[in-house]
Amino acid sequence: AIYYTFRTGPVHVFVTDSRYAKDRRAQVIFGDTQLAWLLEAMAASDAPLKLLVSSTQLLYRQHSESFPIDAPGERSALLAAFGVDGPSKITGRVLVVSGDVHYSELSRAPSSGTPQILELTSSGIRTGETDDPLAEWVPGARVWVAQADAYAVVTVEIEGWDGATVVGTVTLEARDQRGELLLDGDRPCRTIWDLATGRIEK
């Protein structure tokens, strides 16, 4: 398996391998070794923003090629560490960047209140999926979604960080081949996440 981490100032990136150890019968994607490494490395980091890169959607998708279906135990371990249902073992904000489903989507967990996690999904090429790929699996969890040939843009702006308190935002966008924002109905696929408060500007 090939997985690694790198850091640029207050942003710590964790790149995972969701193919090498994957075993649907055993219901694992990362496998014990990589999962333990990831949880330990993220818990040890004091970065106010942590980016978890995975080709497989983590939060909600109820089809194959997702953690809820293929590795529910690993998903539960990650969400528990991120503090979705209790005390967090990991400080700062967590942004999951995923793909593999041929649409662009921004989801949040939990689905109400201040999100502990955002998941930005971007697959560059749209396909002719017919099994309702844009279903909202958990009411209120989706911020926006669109299906088109597209790419995602993540813009991090840190105005201040003293090792404990951060002032800054993360802007999350989905754009088409012309560089224009995708639309979810009339709503632009663009969200600003305040790193200090955790609030999202829709």
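Two strands pair if DSSP finds at least two bridges between them, and helices (H or I, at least four residues) and strands (E, at least two) are DSSP runs numbered from the N terminus. In this predicted model, local features need pLDDT of at least 70, side-chain atom pairs count only at pLDDT 80 or more, and totals for chains, interfaces and linings use all residues. Residues are numbered from 1 along each chain as its sequence is written, and side-chain values use heavy atoms, with hydrogens and water left out.

Let's start with the sheet. Its four strands form an open sheet ordered E8-E9-E12-E13, with antiparallel pairing. E8 (150-161) and E13 (200-201) are the edge strands with a single partner strand each, so one side of each has no neighbour in the sheet. Two bridges join E12 (residues 190-194) to E13, and Ile192 stands opposite Glu201 in E13.

Now to helix H3 (residues 72-82). Its buried residues (under 20% relative accessible area, 1.4 Å probe, protein chains only) are Glu74, Arg75, Leu78, Leu79, Ala81 and Phe82. They lie on the same side of H3, because they cover an arc of only 160° around the axis, taken from the directions from the helix axis to the C-beta atoms. These buried residues pack (heavy atoms within 4.5 Å) against the following elements:

| Element | Residues |
|---|---|
| helix H1 | 31-44 |
| strand E3 | 49-53 |
| helix H2 | 67-70 |
| strand E4 | 93-98 |
| strand E6 | 117-121 |

After H3 comes Gly83, with a positive phi near 80°.

Conventions:
Buried < 20%, exposed > 50% of the residue type's maximum accessible area, 1.4 Å probe, protein only.
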